[in-house]
Amino acid sequence: MRRIPISRFLNDTGDQPVFRKWIYYGGHTMFFNLFGKNKDEYMAAYAKKLSDAVLDDALDETVLEELIRYAKEKDLSNKQLASAQAMACDKVFEELYQEGYMTDEDYELYQSLIEACYMMKEKEKYRYQTIAKRCNAIYKIQEEGLLPKINPDYASVKYREGEALHFAASAKLMKLSGTNEKGLVISKDSPFRAGSLKDPSNGPWKEDIQGAFWITTERVGFRGKNASFTLEIKDLDHAELDRGPLRFFEKGKEIPEAVRIDDYEMAGAILTNLFQKQ
């Protein structure tokens, strides 16, 4: 199984107020020590103890108390403890996210870990939670056939009766500047599997117009300031990923519409589900 590091999904930085709890060790508040010695070895050991407990489904009060005692014994500062807990989140993610998604059981395990990371900042915890939720959503789409439904106001679409919005994201309309290289085909007979992307580059395509891309129950579309398109899913021969952006080939047409988005795997999983229903 192929391990995928969580760093692939982390692209936001910034500080938020520290977690609301004060941490007391033996009646003394533990404050960040600006002049603390390098304790990478102790931080790594803490992270291993925590991640191993989660992966063994053995995270309980006894383990948490042992971790508190260990942190006190090694005199880990608030910042060092937060870093160790983030290391544990990374380790567990790399173990659980090996098939392109995160199962319901693994998602619950990961949530228990995040809840136990009391010293991590709220913004950082939120990022981990968002990534895990996205990975679990792909599992539900691919393995259980459950499509996400999001706020219809997120896309400028005149909805038909019974039509729901399943995906909406910032996008760039792409223009072909060479010969399209055949990528991974997505169709009723060729389902997309999460984790199968190998070359999600622009390929022979150039960015053209900034806008928004969306997928509904019946259509896909893009809307920008000076250009837009709407395609009926039933009129599509197939879509493609890899060796270029997300491309849509209508039946009987050679030149596709193409958009660049951040999350090709989520879009690919949703399109596979919709193609299967045609």
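**Reading strands, helices and ring pairs in a predicted model**

User: E6 and E7 pair over 5 bridges in the antiparallel sense. What is the general idea behind such pairing?

Analyst: The strands of a sheet are joined by backbone hydrogen bonds, and the pairing is either parallel or antiparallel. The model discussed here is a predicted one. In it, Arg223 has Ser228 of E7 as its bridge partner. The two strands E6 and E7 form a hairpin, with 3 residues between them.

User: In what order do the strands of the open sheet lie, and which are the edge strands?

Analyst: The open sheet has 8 strands in the order E4-E8-E9-E10-E3-E5-E6-E7, and the pairing is antiparallel. Its edge strands are E4 (184–186) and E7 (228–232), each of which pairs on one side only. On average, neighbouring strands of this sheet are turned by 30° against each other, with direction ignored.

User: How many residues lie between E8 and E9 in their hairpin, and which residue in the turn has a positive phi?

Analyst: There are 4 residues between E8 and E9, and Asp242 in the turn has a positive phi of about 75°. A positive phi also occurs just after helix H1, where Asp57 takes a value of about 55°.

User: How many residues of E8 are buried?

Analyst: Burial is judged by relative accessible area, with under 20% counting as buried. Of the 6 residues of E8, 5 are buried, so this strand is largely enclosed by the rest of the structure. For the protein as a whole, 44% of the 278 residues count as buried.

User: Which strands does helix H6 lie across?

Analyst: Helix H6 (residues 264–276) lies across E3 (165–176), E4, E5 (205–216), E6 (219–224), E8 (236–241), E9 and E10. Relative to E8, the helix runs at about 155°.

User: What should the span of a helix be at 1.5 Å a residue, taking H1 as the case?

Analyst: The expected span is 1.5 Å times one less than the number of residues. H1 (residues 40–55) has 16 residues and should therefore span 22 Å; its end C-alpha atoms are 22 Å apart, which agrees. The 19 residues of H3 should span 27 Å, and the end C-alpha atoms of H3 are 27 Å apart, also in agreement.

User: Which residues of H1 are buried, and what covers them?

Analyst: The buried residues of H1 are Met43, Tyr46, Ala47, Leu50, Ser51, Ala53 and Val54. They cover an arc of only 160° around the axis, which puts them on the same side of H1. Their cover includes helices H2 (61–73), H3 (78–96) and H4 (104–116). H3 has buried residues of its own, among them Leu81, Cys89, Val92, Phe93 and Leu96.

User: How is a pair of aromatic rings described, and how many aromatic pairs does a search of the whole structure find?

Analyst: The description rests on the distance of the centres and the angle of the planes. The search of the whole structure finds 6 aromatic pairs. In one of them, Phe93 and Tyr97, the ring centres are 5.1 Å apart and the planes are at 20°, so the pair is stacked. Phe93 and Tyr97 are both buried. The rings of Phe222 and Phe229 are also stacked, because their centres lie 6.2 Å apart with the planes at 20°. Phe222 counts as buried at 1% relative accessibility, and Phe229 counts as buried at 6%.

User: Which residues do ring pairs link into a cluster?

Analyst: The cluster consists of Phe93, Tyr97 and Tyr110, linked by ring pairs.

User: How many helices and strands does the protein have, and what share of the contacts comes from residues 24 or more positions apart?

Analyst: The protein has 6 helices and 10 strands. Among its contacts with a separation of 6 or more, 73% are between residues 24 or more positions apart.

Key:
Residues numbered from 1 in each chain as written. Predicted model: local features only at pLDDT ≥ 70, side-chain atom pairs only at ≥ 80, totals over all residues. Heavy atoms only, no water. Buried < 20%, exposed > 50% of the residue type's maximum accessible area, 1.4 Å probe, protein only. Arc of directions from axis to C-beta. Contact = heavy atoms within 4.5 Å. Pairing = 2+ DSSP bridges. Axes fitted to C-alpha atoms, helices over the stretch in contact; angles between N-to-C directions. Phe/Tyr/Trp six-rings, centres within 6.5 Å; stacked < 30°, edge-to-face > 60°.
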